[in-house]
Amino acid sequence: TPAVAATVSNIEVNMPAIIKIYQDLAKKYQPLLVEGVGGITAPLWQDYLLVDLMVELSLPVIVVTRPNLGTINHTVLTVEYARQRGLKVAGIIINGWNENEVGILEKSNEVYITRLTQVPILGKFPYSSKIGEGNIEGSELARLAEEYLQMDKIISIIERGSNDE
């Protein structure tokens, strides 16, 4: 997590400065995406969690989850915690979807996640060994996103940039 990396590197994370940088970037660039660095409860600095930043910046949430065993629990808990903290969960992306190996587990996970969270699935990003190895070009990632994700909806969610329903 950023908190551990900062501690190990003997660096102090300045959260007010990070928030100011985000606000300046948001004025300059639209849409602006904030990546979740390890999940909603990942510590950014000491007791300041990613969810604290998301609340402070009124960011809408797109949960990225996996297709395999344990994902229903992980995803439902993440969605519910985000809602408890007052965040709008706008969608879910299933990452690492391997169409050649999809079985009853993966298909039922998708159904249960949708049913239990009442949050739309915005796509299933395909599995690629190249991604794990770091051997994939940005243009290829963009092509895969365009093909497998509902990019128009995702961009719309990011452009709204708040928790307004």
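Predicted model: local features only at pLDDT ≥ 70, side-chain atom pairs only at ≥ 80, totals over all residues.
**Entry 1: the H4 and H5 pair**

I started with two helices, since a packed pair is described by the angle between the axes and the distance between them. I looked up helix H4, residues 71-84, and helix H5, residues 104-117. Their axes come within 10 Å and cross at roughly 20°. Angles under 35 degrees count as roughly parallel, so I noted H4 as roughly parallel to H5. For handedness, I wrote down that H4 passes H5 in a right-handed crossing.

Next I asked myself which residues make the contact. From H4 I listed Thr71, Ile72, Thr75, Val76, Val79 and Arg83. H5 answers with Asn109, Tyr112, Ile113, Leu116 and Thr117. Sorting the residues of this contact by class gave me 6 nonpolar, 4 polar and 1 charged.

**Entry 2: the largest pocket**

Then I went looking for empty space, which shows up when a probe the size of a water molecule is rolled over the atoms. The largest pocket has a volume of about 1,100 Å³. I found 38 residues in its lining, and those nearest the pocket centre are Val34, Glu35, Gly36, Ile62 and Val64.

Which elements give two or more residues to this lining? My list holds helix H2 (15-28), helix H3 (50-56), strand S3 (61-65), H4, strand S4 (89-97) and helix H8 (151-160). H8 supplies the largest share, 6 residues.

**Entry 3: the loop between H2 and S1**

I finished with the backbone, keeping in mind that most peptide bonds are trans and that most residues other than glycine have a negative phi. Gln30 and Pro31 are joined by a cis peptide bond, with omega about -5°. I placed Pro31 in the loop between H2 and strand S1 (43-45).

Where does Val37 lie? I found Val37 in the loop between H2 and S1 as well. Phi of Val37 is near 30°, a positive value in a residue other than glycine. I marked both Pro31 and Val37 on my sketch of this loop.

Technical notes: Residues numbered from 1 in each chain as written. Heavy atoms only, no water. Axes fitted to C-alpha atoms, helices over the stretch in contact; angles between N-to-C directions. Helix = DSSP H or I, 4+ residues; strand = E, 2+ residues; numbered from the N terminus. Parallel < 35°, antiparallel > 145°, perpendicular 65-115°, else oblique. Left-handed = near helix turned anticlockwise from the far one by under 90°. Contact = heavy atoms within 4.5 Å. Nonpolar A, V, L, I, M, F, W, Y, C, P; charged D, E, K, R; others polar. 1 Å grid on protein atoms, 1.4 Å probe; cavity = no way out; pocket = protein on both sides within 12 Å on 5 of 7 lines; lining within 4 Å. Points joined across faces, edges and corners; volume = space filled by probe spheres on them.
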